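Thanks for coming. I will go through one model this morning, and I will keep it short.

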Amino acid sequence: MATCMECGKKLQGRKDKRFCDAHCRNAWHRRVYRESRRIHYRIIRQLEENHSILDNLLKAGITTISRSELELLGFHPGCLTGCSTGAHRHTEHRCFDIRYMITERKIFGISRMLGAE
Ligand SMILES: [Zn+2]
């Protein structure tokens, strides 16, 4: 027996029914939308934190740093705006206008993509 995706009550009637009524359907969609926005904003915040860390390193003239130091600064290694292979031996990662290479031990080649796409 199918149950309502919102309240869990047993459903009567049509086999493809997913909610008991419009109230449950709307509540479910609102919750999914809120959760989606929450994840969206968390990732944007993490990208901004990463950019701020990389920007501060560049301002201090630092282009290489160990991964452990970087993570102490609050860097989120899994959060990036793009990556590409080919130009270098290592995959180039991007955080908005800053690019870098990353290995298990360090992040290096931090630079601004001035004029690049
Ligand atoms: Zn329901």
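In which sense do strand β2 and β3 pair, and over how many bridges? They pair antiparallel, over three bridges; two strands pair if DSSP finds at least two bridges between them. Strands here are DSSP runs (E, at least two residues) and helices likewise (H or I, at least four), numbered from the N terminus.

Before going on, the model is predicted: local features need pLDDT of at least 70, side-chain atom pairs count only at pLDDT 80 or more, and totals for chains, interfaces and linings use all residues. Residues are numbered from 1 along each chain as its sequence is written, and side-chain values use heavy atoms, with hydrogens and water left out.

Back to β3, residues 92-95. Arg-94 is the bridge partner of Gly-82.

Now the zinc ion. Its protein donors (N, O and S atoms within 2.8 Å of the metal, or 3.2 Å for Na, K and Ca) are the SG atoms of Cys-4, Cys-7, Cys-20 and Cys-24, at 2.1 to 2.3 Å. Their angles are 104 to 115°, so the arrangement is tetrahedral, a label that requires four donors with all angles between 85 and 135 degrees. Along the chain the spacing is C-x2-C-x12-C-x3-C. Cys-4 and Cys-20 both lie in the segment before α1 (22-59), so the pair ties together parts 16 residues apart in sequence.

Notes. Four donors count as tetrahedral if all angles lie between 85 and 135 degrees; four count as square planar and six as octahedral if opposite donors are over 155 degrees apart and all others between 65 and 115; anything else is irregular.
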